[in-house]
Protein chains: 4
Amino acid sequence: MNQIILLMYCADQKGIIAAVTNFIHHNQGNITYIDQYVDRPNAAFFMRVECDLNSESFKIEDFKSNFSNEIGERYAMHCDFYLKNHKPKMAVFVSKYDHCLYDILAKQQSGELAAEIPFILSNHADLKIIADRFEIPFHHIFVSRENKEEAEEKQAKLLKAHGVDFIVLARYMQIVSSKLIDQYKHKIINIHHSFLPAFPGAKPYHSAFDRGVKIIGATSHYVTEELDAGPIIEQDTTRVTHLNSIADFIEKGRDLERIVLVRALKQHVNRKVMVYGNKTVVFS
Amino acid sequence: MNQIILLMYCADQKGIIAAVTNFIHHNQGNITYIDQYVDRPNAAFFMRVECDLNSESFKIEDFKSNFSNEIGERYAMHCDFYLKNHKPKMAVFVSKYDHCLYDILAKQQSGELAAEIPFILSNHADLKIIADRFEIPFHHIFVSRENKEEAEEKQAKLLKAHGVDFIVLARYMQIVSSKLIDQYKHKIINIHHSFLPAFPGAKPYHSAFDRGVKIIGATSHYVTEELDAGPIIEQDTTRVTHLNSIADFIEKGRDLERIVLVRALKQHVNRKVMVYGNKTVVFS
Amino acid sequence: MNQIILLMYCADQKGIIAAVTNFIHHNQGNITYIDQYVDRPNAAFFMRVECDLNSESFKIEDFKSNFSNEIGERYAMHCDFYLKNHKPKMAVFVSKYDHCLYDILAKQQSGELAAEIPFILSNHADLKIIADRFEIPFHHIFVSRENKEEAEEKQAKLLKAHGVDFIVLARYMQIVSSKLIDQYKHKIINIHHSFLPAFPGAKPYHSAFDRGVKIIGATSHYVTEELDAGPIIEQDTTRVTHLNSIADFIEKGRDLERIVLVRALKQHVNRKVMVYGNKTVVFS
Amino acid sequence: MNQIILLMYCADQKGIIAAVTNFIHHNQGNITYIDQYVDRPNAAFFMRVECDLNSESFKIEDFKSNFSNEIGERYAMHCDFYLKNHKPKMAVFVSKYDHCLYDILAKQQSGELAAEIPFILSNHADLKIIADRFEIPFHHIFVSRENKEEAEEKQAKLLKAHGVDFIVLARYMQIVSSKLIDQYKHKIINIHHSFLPAFPGAKPYHSAFDRGVKIIGATSHYVTEELDAGPIIEQDTTRVTHLNSIADFIEKGRDLERIVLVRALKQHVNRKVMVYGNKTVVFS
C-alpha cells in the first residue's frame with residue numbers, strides 16, 4: 001500500500017477542499033488525515049492531507065502530474081508530495097555539547113525519529129566517542145577563521161555525497177554560511193538556548209540571568225540569513241528562581257533544548273511543518 | 001451570511017470527506033474550517049466543518065434534510081447542525097464559592113464566552129450579591145434531604161421556562177439527580193477540583209495533601225450517573241510543594257478551577273466538543 | 001501576639017545567621033520561618049525571617065532599635081521590619097481593560113490578597129461600574145498631553161491623602177512620570193503583556209504574532225525609569241499555535257496577565273520580595 | 001575544606017534554629033545554606049543546613065558526637081550528616097526500556113548527577129550494549145516465578161559487595177521483594193509512568209487512554225511495601241489530545257519519565273529529600 005502526504009499552499013479560494021478531496025477520491029485514494037488552515041488577513045490557504053492509494057498500478061509521478069494538471073494549475077497551488085514510509089537523510093552537526101546528540105541518536109535508534117543519519121559532523125573531535133558508540137560515521141572538520149571557506153567546501157561535498165535531505169544543528173557552535181543556507185533553504189534546523197526573540201546571539205543564559213527572568217526557554221527554528229531570526233518550529237519554557245546560578249540555568253536549559261529540538265525534528269520529519277513568510281504552520 | 005457548524009459521526013468509510021465537501025460545495029457553501037479524526041481501533045469517524053452559505057434562499061431546515069438524504073443515510077452518519085451566531089442558553093448552578101462564577105460572568109459580559117445566561121441558581125443565598133452586580137436573575141432554591149425532590153422540580157420548571165440549552169455546575173455542592181442528567185445528557189458541565197481520576201468525590205484537596213502529591217489539578221467534565229466519572233473535556237495542573245498547606249492547595253486550585261472550567265465552557269459553546277463512549281473529541 | 005517579618009540585606013559574612021537567630025531568641029522571639037540566599041558572585045546576603053514575639057511589653061520600635069544596635073551596625077545590614085497582620089494600602093490604576101481589575105477585587109474581597117484598596121484611579125470612566133459593584137471609591141483623572149502635569153498632581157494628592165503604600169498598574173495605559181517612580185521606588189507594580197525582555201513597549205501581542213512565536217507570556221515587574229525594564233517579580237507563559245489569531249493571543253494572554261499580576265501582588269503584600277540591582281529575590 | 005550537610009528532624013520547639021546555628025558558629029562552621037520547614041498540624045520541625053568547616057583538625061565523627069550531646073539530646077532531634085563531596089553509590093535496575101537509562105548515564109557521566117554507578121542490573125540481557133557503551137559493569141540476573149528467591153539472593157550479594165547506598169528502578173519491570181525494601185528503606189527510587197495516585201499498577205498509559213484524560217504524568221517515589229504508594233519525590237505532567245493513540249501516550253510519557261526520574265535522583269543525591277510519614281520534604 002502506498003501512503004502519501006500532501007502539503008498544499010495557495011491563495012484562499014472557494015471550493016478548494018472539495019476539489020482536492022474529489023481528486024483523491026477519483027484516483028482511488030482514501031483520505032486518512034486532513035487538516036487545513038486559512039490565514040485570513042493574508043487570504044492564504046494551507047492544507048495537509050494523508051491518503052492511502054491502493055491501486056497496484058499507482059506511480060507517484062503519475063499522481064503528481066495528474067494533480068498538477070487538475071488542481072495545481074486551476075488554483076495556482078504549490079504542493080509537495082512525500083511517501084510516508086520514506087525516511088529523509090539527516091546530517092547532524094555538533095560541537096562539544098552532547099545532550100542534544102544523545103537524544104537524537106537514542107530516538108533515531110528506537111524508531112521514534114524516522115530519519116536516517118548518514119553522518120555526524122563536528123568542528124571538534126570530542127563527540128567522536130558517542131558517534132562510535134552508536135556506530136554512526138563521524139567527520140571532524142576543523143573550522144577556523146582562516147580555513148572557513150575550505151571547511152565549508154568539505155562539508156558541502158559530504159552533504160552531496162550522502163544525498164542529505166536536511167541538517168540539524170545540535171548545539172553546533174559555528175555560524176553556517178549563506179551558501180549552505182541558500183542550498184538548504186528551510187532545511188537547516190537549529191536549537192537556540194533561549195525563548196526567542198529574547199536573548200538572540202551568544203550566551204543567552206548569561207543574559208537571562210543578568211535580566212533576572214523567572215522563566216527560561218529554548219527555541220527550535222529554521223536557519224535563515226539573519227541570526228536566530230528564522231521561522232520558529234517549536235518552543236518551550238521552564239521556571240527558574242533567584243536561587244539558580246548561571247550553571248543551574250545551563251543545566252535546566254539543557255533538558256529544554258534537547259526536548260524542544262527533538263520535537264521540532266519529529267515534526268519536520270513527519271512532514272507536519274510548512275513555512276510561509278517568516279512563520280510556520282505546524283499541523284497536529 | 002449564514003455560518004453553520006456541522007458535527008458528524010459515523011463508522012469510518014472510504015470517501016466520506018469527499019462526499020461531504022462535495023455536498024457543501026454543490027449547495028453553494030464555502031468551507032472555512034475542516035477537521036477530522038478517525039479512532040482507528042474502533043473504526044469511528046468524526047468531523048467538524050464550518051461553512052459559509054451565502055445563498056439568499058438558504059434555509060437550515062432544507063440544508064439539513066438535503067444533507068440527511070444525500071449523506072446521512074448513505075453513510076449511516078449522525079450529524080448535528082448549529083448556526084454559528086446563535087448563542088446557547090446556559091444556566092449557572094452555584095453554592096457558596098464565587099471564583100468560578102466571577103470568571104464566567106466577566107467572560108460572558110466581555111463576549112469571550114458566547115452564551116446567554118438566563119439565570120443563576122443556588123442552594124444558598126450567599127452569591128445573590130454577585131448576580132445583582134451583574135444584573136442577572138438569581139434563584140435561591142434551598143435543597144435538603146427532605147425537600148430534594150421538590151427542589152428538583154422547581155429547578156426543572158425554571159430550566160424549561162427559560163429554554164436552557166445546557167447547565168454549568170460552577171462548584172455547585174449538590175449531587176444532581178439522574179432525572180436531570182438524563183434530560184441534559186452531555187449538557188451538564190462540572191468542574192471537579194482534582195486531576196481526575198485521582199481523588200474523585202468530596203475533599204480532593206485534603207486527599208491530595210495527605211497523599212503528598214507534588215502537583216494538583218482540576219478537571220472539567222460532562223456529568224453522568226457515576227460521580228466524577230463522565231467524559232473529560234479539559235484538565236490542567238499546577239505545582240505544589242511541602243511548604244503548601246491544605247489552605248494553599250485550595251487557593252492555588254481555585255485559579256485552576258476557574259480557568260479549566262471557562263476553557264471547557266468555551267469549547268462546548270463553540271461546538272468544538274463531541275462525546276463518544278466515555279471520552280471527548282475536542283477539535284482545535 | 002505580635003508576628004513580625006524581617007527582610008535583611010548585607011554583605012555576606014560569617015556568623016550572620018547565628019547572630020540574627022540568637023538576637024531573636026534572646027528577645028523572647030520564636031522563629032517560625034527562616035529562608036536565606038547568598039548571591040555568591042556579588043557576596044551579597046539576603047534573609048527573610050518571621051517570628052512571634054509574645055512578650056506583653058513588646059514594642060516594635062524598641063525591637064528595631066535594639067536590632068539596629070546589636071546586629072545592624074555590626075554587619076552593616078539593612079533591615080526592613082513589618083507587622084504581619086498590617087495590611088498595606090494599594091492604589092489600583094486602570095484604563096479600559098477590566099480582567100486584571102476583576103481578579104484583584106475578587107481576591108482582595110475574599111481575603112486572599114491581604115491589602116486595603118483605598119481607591120481605584122483611571123484615565124477613563126469606563127470601569128467606574130465595576131468599582132461601584134465592589135463599593136470602592138473611583139477617581140477618574142483624565143490625562144492628555146496637555147494636562148499631564150496637572151493630572152499627576154491630582155494623582156499625587158490622592159495617593160498622599162490616603163497614605164498609599166504601593167501602586168498596581170492593572171493594565172494602566174499611561175506612562176507614569178519619573179517623579180511618581182522616584183516617590184514610589186520599587187513600589188509600583190506593572191503587568192506587561194509579554195514574556196519580557198521579548199516585546200517591550202506597545203502592542204506586544206501583535207509583535208509576538210508577527211514573529212510567529214509558539215508561546216506567549218506575561219511579566220509583572222516593578223516600574224523603573226526605563227520602560228518595561230524594571231526588576232521582574234513573576235512571569236508565566238502559555239502555548240499558541242498557527243491557528244491562533246491576534247485576537248486569540250489577546251484572549252489567551254488575558255488569563256496570563258491577571259494570574260501573573262495577582263501572584264506578584266501577593267508576593268509583594270506578603271513581604272516575600274526583595275529588590276537588588278535590577279533583580280528580585282522572591283522567597284518561597 | 002570540609003563541606004557538610006545536616007538533615008534535622010524533631011518535634012517543633014522554641015529556639016531550635018538559634019541553638020543549631022549557634023552550635024555551628026561555635027564549632028568554627030560557616031552556614032552557607034539554611035532552610036527549614038514546620039509542619040504545623042503535626043508540630044514537626046525539619047531543617048537542612050550546609051556549612052563549611054575550615055578547622056584543620058575537623059573530624060566529622062567529633063562533630064557528630066558534639067552535635068548529638070549539645071543539640072540532639074536536648075531537642076530529641078534526629079540528624080543525618082553527609083560530606084558534600086562524597087558521591088553515593090547508586091545501583092541501576094533496568095529491564096528492556098532504555099530511555100531512562102540513557103539519561104541517567106549521560107547525566108552521571110557529565111557530572112550533573114553526582115553519584116557513582118558500580119553496576120547496572122537487569123532481568124533481561126537487552127540493555128547490555130548500552131552498559132558496554134558507557135563502560136559500566138552489567139549483570140544479567142534472570143528472574144522467573146520459580147527462581148525469584150535465588151535471583152534476589154544474587155542481587156543482595158551484588159549490592160553488598162559493592163557497598164551500594166541506594167537503588168534506582170529505571171523502568172525495572174519486576175516487583176522488588178519486601179526483604180530488599182526493608183534493607184533499603186527510602187533508598188529505592190522508582191519511576192511510575194502515571195500521575196499517581198491515578199493509574200497505579202500495570203499499563204497506566206492504557207488506563208489513561210481508556211479514561212480519556214487530557215493530561216498524562218509521571219511520578220518518582222520511594223518504594224514501599226504497598227505498590228506505587230510510597231512517598232512521592234517528584235511529578236510532572238504533559239498534555240495529550242484525542243488525536244493521541246496509546247503509542248503516542250507512551251512516546252510522550254517517555255520524556256516525562258526520564259526527566260522526572262533524573263530530577264528525583266538529583267534531589268536524593270544532593271541530600272535535599274527528607275521522608276516523613278508517607279510524604280517528602282524536598283528542599284530547594
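Modeller: The accessible surface of chain A comes to about 11900 Å². Carbon and sulfur atoms hold 49% of that surface. Such areas come from the Shrake-Rupley method with a 1.4 Å probe, and for residues only the protein chains shown count as cover.

A word on conventions. This is a predicted model, in which local features need pLDDT of at least 70 and side-chain atom pairs count only at pLDDT 80 or more, while totals for chains, interfaces and linings use all residues. Residues are numbered from 1 along each chain as its sequence is written, chains are lettered from A and ligands numbered from 1 in the order written, and side-chain values use heavy atoms, without hydrogens and water.

Now the setting. Chain A has eight helices and 13 strands. Both are DSSP runs numbered from the N terminus: helices are H or I with at least four residues, strands are E with at least two. The radius of gyration of chain A is 21 Å, close to the 19 Å of the globule rule for 284 residues, so chain A is as compact as a globular protein of that length. That radius is taken over C-alpha atoms, and the rule is 2.2 Å times the number of residues to the power 0.38. Along its principal axes, the C-alpha trace of chain A spans about 60 × 40 × 35 Å.

Of the 284 residues in chain A, 59% are buried. Buried means under 20% relative accessible area, exposed means over 50%, and partly exposed lies in between (1.4 Å probe, protein chains only). Contacts tell of the fold too. A contact means heavy atoms within 4.5 Å. Among the contacts of chain A with a separation of 6 or more, 67% join residues 24 or more positions apart.

Here is the close look. Start with strand S2 of chain A, residues 29-39. Eleven of its eleven residues are buried, so S2(A) is largely enclosed by the rest of the structure. Its partner is strand S3 of chain A, residues 44-53. The two run antiparallel and are joined by ten bridges. Strands pair if DSSP finds at least two bridges between them. One pair can be named: A:Gln36 has A:Met47 in S3(A) as its bridge partner. Four residues sit between the strands of this hairpin, where A:Ala43 takes a positive phi near 50°.

Next, chain C. Strand S1(C), residues 2-11, runs antiparallel to S3(C), residues 44-53, with ten bridges. C:Leu6 stands opposite C:Val49 in S3(C). S1(C) also has six bridges to strand S4(C), residues 78-83, again antiparallel. In that pairing, C:Ile5 has C:Tyr82 in S4(C) as its bridge partner.

C:Val275 stands opposite C:Thr280 in S13(C). Two residues lie between the strands, and C:Gly277 takes a positive phi near 55°.

D:Gln155 lies in helix H5 of chain D, residues 148-161. At 3% relative accessibility, D:Gln155 is buried. Beyond its neighbours within four places in sequence, its contacts include D:Phe93, D:Ile141 and D:Tyr172. D:Val269 lies in helix H8 of chain D, residues 246-269. D:Val269 is buried as well, with a relative accessible area of 6%. D:Lys87 is 182 residues from D:Val269 in sequence, yet their C-alpha atoms are 7.8 Å apart.
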